[in-house]
Amino acid sequence: MNNRKGSISFLTKSAAIAAIYVVLTEISALLGISSGVIQFRLSEMLTVLPIFTPAAIPGLFIGCLISNILAGGVIWDVVFGSVATLIGALVTYALRNKSVYLAPVPPIVANMVIVPFVLRYAYGFEGTLPFFALTVGIGEFVCCGILGVFLAKTLKKHKVEL
């Protein structure tokens with residue numbers, strides 16, 4: 001019975017994180033800042049959550065997948081953008097016992113490496129891969145590095161258990 005309760009808790013946490021990711025991405029879309037060469041997805045602040053719970057890994061992946069589908073992204077964006085989030089979440093989880101300031105580094109790097117190729121080759125945006133890495137990196141730094149660290153520190157300060 002205890003294993004079943006743990007599974008239900010894991011699924012519930014994952015689903016809640018996915019839902020919050022989608023809602024925050026939709027808010028960013030309403031503000032016109034969620035996609036394109038320069039993107040600020042408020043949902044990316046949630047990429048620090050794997051330091052608190054492994055349930056954040058599938059939650060972030062599924063949330064990103066659903067968000068990319070709802071945004072009308074091309075298949076390469078849906079797949080590779082979501083994979084970037086999954087890679088970032090897995091590495092963040094691996095670093096969970098390190099400094100809270102390291103938590104946003106994996107999603108920032110994963111997105112800076114993968115998303116420029118999507119922008120250039122899937123969407124055909126004019127520009128160089130280093131330029132796209134810079135623009136994606138700026139958005140990720142703001143959302144993951146600043147907002148994400150603020151979220152993580154707030155959750156730790158208030159001893160929130162996920």
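1. Val160 is partly exposed, because its relative accessible area is 35%; on this scale, buried means under 20% relative accessible area, exposed over 50%, and partly exposed in between (1.4 Å probe, protein chains only). Val160 belongs to the segment after α5 (129–157). Between Val160 and Phe52 there are 108 residues in sequence, yet their C-alpha atoms are 8.9 Å apart in space.

2. The model is predicted, so local features need pLDDT of at least 70 and side-chain atom pairs count only at pLDDT 80 or more, whereas totals for chains, interfaces and linings use all residues. Residues are numbered from 1 along each chain as its sequence is written, and side-chain values use heavy atoms, with hydrogens and water left out.

3. The secondary structure of the protein chain consists of five helices and zero strands, in the order α-α-α-α-α from the N terminus. Helices (H or I, at least four residues) and strands (E, at least two) are DSSP runs, numbered from the N terminus.

4. The overall dimensions may be taken together. A compact globule of 162 residues would have a radius of gyration near 15 Å, and the protein chain has 15 Å, so the two agree; the radius is taken over C-alpha atoms, and the globule rule is 2.2 Å times the number of residues to the power 0.38. Along the principal axes, the C-alpha atoms fill a box of roughly 55 × 30 × 25 Å.

5. Of the 162 residues of the protein chain, 43% count as buried. Among contacts (heavy atoms within 4.5 Å) with a separation of 6 or more, 68% join residues 24 or more positions apart. The protein chain exposes about 8,600 Å², of which carbon and sulfur atoms supply 72%; accessible areas come from the Shrake-Rupley method with a 1.4 Å probe, and for residues only the protein chains shown count as cover.

6. Ser14, in helix α1 (residues 2–30), counts as buried because its relative accessibility is 7%. Leaving aside residues up to four places away in sequence, Ser14 touches Ala55, Pro58 and Gly59.

7. On the surface, Ile75, Trp76, Val79 and Phe80 form a nonpolar patch with about 410 Å² of accessible area together. Patches are made of residues with over 30% relative accessible area and no salt bridge, like charges being joined within 9 Å and nonpolar side chains (Val, Leu, Ile, Met, Phe, Trp, Tyr) within 5 Å; a salt bridge is a side-chain nitrogen of Lys or Arg within 4 Å of a carboxyl oxygen of Asp or Glu. Ile75 is placed in helix α3 (residues 75–94) and counts as exposed, at 55% relative accessibility.

8. How many aromatic pairs does a search of the whole structure find? The search finds four. The pair Phe117 and Tyr121 is stacked, because the ring centres are 6.3 Å apart and the planes stand at 25°. Rings of Phe, Tyr and Trp (its six-membered ring) pair if their centres lie within 6.5 Å; planes under 30 degrees apart count as stacked, over 60 as edge-to-face and the rest as tilted. Both residues, Phe117 and Tyr121, lie in helix α4 (residues 105–122), four residues apart, or about one turn of the helix. Phe117 is partly exposed at 46% relative accessible area, and Tyr121 is exposed at 59%.

9. The rings of Phe131 and Phe132 are tilted, because their centres are 5.9 Å apart and their planes are at 55°. Phe131 counts as partly exposed at 41% relative accessibility, while Phe132 is buried, with a relative accessible area of 0%.
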